[in-house]
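Grab a pencil and work through these exercises with the model open beside you. Try each task yourself before you read the solution.

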Amino acid sequence: MSWFEPDDGRWEEPEGGWQDLDDHRWPLDWRGLYPRERWMWFEQLWTDARMLRERYRLALRSGWWEDHVQVEALAALAAWVYRYDSGEWDDPPGKLALLFDLERVAALLRDGREPFHPDRDRTAFARYLVDIGCQPPAGREPPEHS
């Protein structure tokens, strides 16, 4: 996926806004994406992490977005769950394998001191995105550094 940068005169928001990209399949790693795509990739992962935390009682830790292994584990788990939820995959033994593997995935997500609290951690998450070169979509300002 390649979107134009705003200063090249061809940037247009996706039809219906960037929030409507729920059906979009993202790569499992953000490193090859353009700055705006990176931001959107991480925003989707934030949403997925919150869903996975509630749905499967995963004990996410504050700062999970700074740990590359945790980021990749969450991206892979979210993609796996999405394929079953969307009906793309209809494989009961595979779904059971996913459920059995949750314990192993949860072990990858246990590093860190504080538990993840989406409301409290949101600003630190956005600052991290800016620090790694992500660029928020048009009309959204990055947080100020303290």
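**Exercise 1. At what angle do helix 2 and helix 3 pack, and which residues make the contact?**

Step 1: Find the two helices. Helix 2 covers residues 68–85 and helix 3 covers residues 92–108; helices here are DSSP runs (H or I, at least four residues; strands are E, at least two), numbered from the N terminus.

Step 2: Look at the geometry. The helices pack at about 165 degrees, and their axes are 11 Å apart. Axes are lines fitted to C-alpha atoms, for helices over the stretch in contact, and angles between N-to-C directions run from 0 to 180 degrees.

Step 3: Name the arrangement. Helix 2 and helix 3 are therefore roughly antiparallel (under 35 degrees is roughly parallel, over 145 roughly antiparallel, 65 to 115 roughly perpendicular, the rest oblique). Their crossing is left-handed (near helix turned anticlockwise from the far one by less than a right angle; clockwise is right-handed).

Step 4: List the partners. Helix 2 brings residues including Leu77, Trp80 and Tyr84, and helix 3 brings residues including Leu98, Leu102 and Val105. A contact means heavy atoms within 4.5 Å.

Step 5: Sort them. You get 11 nonpolar, 2 polar and 3 charged residues (nonpolar: Ala, Val, Leu, Ile, Met, Phe, Trp, Tyr, Cys and Pro; charged: Asp, Glu, Lys and Arg; polar: the others, Gly among them).

A quick note on the source: this is a predicted model, where local features need pLDDT of at least 70 and side-chain atom pairs count only at pLDDT 80 or more, while totals for chains, interfaces and linings use all residues. Residues are numbered from 1 along each chain as its sequence is written, and side-chain values use heavy atoms, with hydrogens and water left out.

**Exercise 2. Is the crossing of helix 1 and helix 4 left-handed or right-handed?**

Step 1: Helix 1 spans residues 35–56 and helix 4 spans residues 118–131; their axes come within 11 Å and cross at roughly 155 degrees.

Step 2: That pair is therefore roughly antiparallel too, and helix 1 passes helix 4 in a right-handed crossing.

Step 3: Among the residues that meet are Trp39, Phe42 and Arg50 from helix 1, with Asp121, Arg122 and Phe125 from helix 4. This contact has 8 nonpolar, no polar and 5 charged residues.

**Exercise 3. How many aromatic pairs are there, and which residues do ring pairs link into a cluster?**

Step 1: The whole structure holds 13 aromatic pairs (rings of Phe, Tyr and Trp, its six-membered ring, with centres within 6.5 Å; planes under 30 degrees apart are stacked, over 60 edge-to-face, the rest tilted).

Step 2: Tryptophan 64 and tryptophan 65 are one of them, edge-to-face at 5.5 Å centre to centre with 80 degrees between the planes.

Step 3: Now pair tryptophan 65 with phenylalanine 125: the centres are 5.5 Å apart and the planes at 85 degrees, so this pair is edge-to-face. Tryptophan 65 sits in the loop between helix 1 and helix 2, and phenylalanine 125 in helix 4, 60 residues apart. Both are buried (under 20% relative accessible area; exposed is over 50%, partly exposed in between; 1.4 Å probe, protein chains only).

Step 4: Put together, ring pairs link Trp30, Trp41, Phe42, Trp46, Trp64, Trp65, Phe116 and Phe125 into a cluster.

**Exercise 4. Where does aspartate 29 lie, and what does it touch?**

Step 1: Aspartate 29 lies in the segment before helix 1. At 27% relative accessibility, aspartate 29 counts as partly exposed.

Step 2: Leaving out residues up to four places away in sequence, aspartate 29 touches Trp41 and Glu72.
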